[in-house]
Amino acid sequence: MIKDIFNEKKPTLSFEVFPPKKEDDFANAFAVMDKLAVLKPDFISVTYGAGGSKSKRTLEIASYIQNQLHINALAHMTCVGSKKEDIDAVAAQMEKEDLKHVLALRGDRPADMSDEQYNSRAFAHASDLIAYLKETTSLHAAGACYPEKHFEAKSMEEDLQHLKEKCEAGAEFLITQLFFDNDSFLRFREAARKAGITLPICAGIMPITTAKQIGTTVSLSGSAVPKKMADMIAAYADNPADLRKAGIEYAAEQIRGLKAEGVDGIHIYTMNRPKVAAEILDLI
């Protein structure tokens, strides 16, 4: 089980990957997994796809990671638009594929979901999904957390209370949203511990290697861009090769700092770019 790895080593190393948007690109996904496997991560998480859209391919990629590469796979599972029977069906398929771990998420509200559907949904929060999985399946759940507060929470205190509910529902470890200022993570970790949250916390790191990422992925995450990173992007805006190098060095510096602070785990948002992940690891 992934939870046991935190007792054996520190920090753990994990990656996030996503199913390609286009069917034609799917064949390349397995080659990406093969290259990431060479880096010997403790687990690899597989999202529902860019922007939070469901992907029928999530479990297929997770199964390949688990059963062909023999690396722990963590399949994302969202519940905002799901009925209990939908979750039951996914859980049954996971057990059939010998998949044991999920990252339980509420997920973003679908654009076509009415207020009535949203307000009467089967799972109001990720904590409800975690509790349901613990009660009805043998799956092991992880939870997400937000060093800079979930955008819907009124305060960090409220957000930490929701996080504590995830832990009490049965989450076994936590993975943070991406962040670019280690002080944000360290303040969050201290506040979480004071609130009685004792689960291992993996720090989510995303290397910024193109200016476009700031306008898409980063804006969706709601993460703050510190001056140091903004200056880096401005300095190399007209030189993609130098920006890529600087972004990799920035991520490596973050990880070195977090390791010095005794972080439980490092979770790299790879954007399906194994070469970038390899270069970061070379630097640390």
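Are Phe123 and Tyr132 buried or exposed? Both are buried. The notes below concern a predicted model.

1. Aromatic pairs. Five aromatic pairs occur in the structure. In one of them, the ring centres of Phe30 and Tyr64 are 4.6 Å apart and the planes stand at 65°, so this pair is edge-to-face. Phe30 belongs to helix α2 (residues 26-37) and Tyr64 to helix α3 (residues 58-68), so the pair ties together parts 34 residues apart in sequence. Phe123 and Tyr132 also make an edge-to-face pair, with 5.4 Å from centre to centre and 70° between the planes.

2. Aromatic cluster. Phe6, Phe43 and Phe173 together form one aromatic cluster.

3. Helices α6 and α7. Helix α6 (residues 126-136) packs with helix α7 (residues 156-169) at an angle of about 5°, and their axes are 8 Å apart. Because angles under 35 degrees count as roughly parallel, α6 is roughly parallel to α7. On the α6 side the contact is made by Ala126, Ser127, Ile130, Ala131 and Lys134, and on the α7 side by Glu165, Lys166 and Ala169. Sorted by class, this contact has four nonpolar residues, one polar residue and three charged residues.

4. Gln213. This residue is placed in helix α9 (residues 212-221). Gln213 has a relative accessibility of 4% and therefore counts as buried, the cut-off being under 20%. A polar atom of the Gln213 side chain lies 3.2 Å from the backbone oxygen of Pro207. With neighbours within four places in sequence left aside, Gln213 is in contact with Met206, Pro207, Ile208, Val218, Met271 and Arg273.

Definitions and conventions
Residues numbered from 1 in each chain as written. Predicted model: local features only at pLDDT ≥ 70, side-chain atom pairs only at ≥ 80, totals over all residues. Heavy atoms only, no water. Axes fitted to C-alpha atoms, helices over the stretch in contact; angles between N-to-C directions. Helix = DSSP H or I, 4+ residues; strand = E, 2+ residues; numbered from the N terminus. Parallel < 35°, antiparallel > 145°, perpendicular 65-115°, else oblique. Contact = heavy atoms within 4.5 Å. Nonpolar A, V, L, I, M, F, W, Y, C, P; charged D, E, K, R; others polar. Buried < 20%, exposed > 50% of the residue type's maximum accessible area, 1.4 Å probe, protein only. Polar contact = N/O pair within 3.5 Å; in protein donor to acceptor, adjacent residues only side chain to side chain. Phe/Tyr/Trp six-rings, centres within 6.5 Å; stacked < 30°, edge-to-face > 60°.
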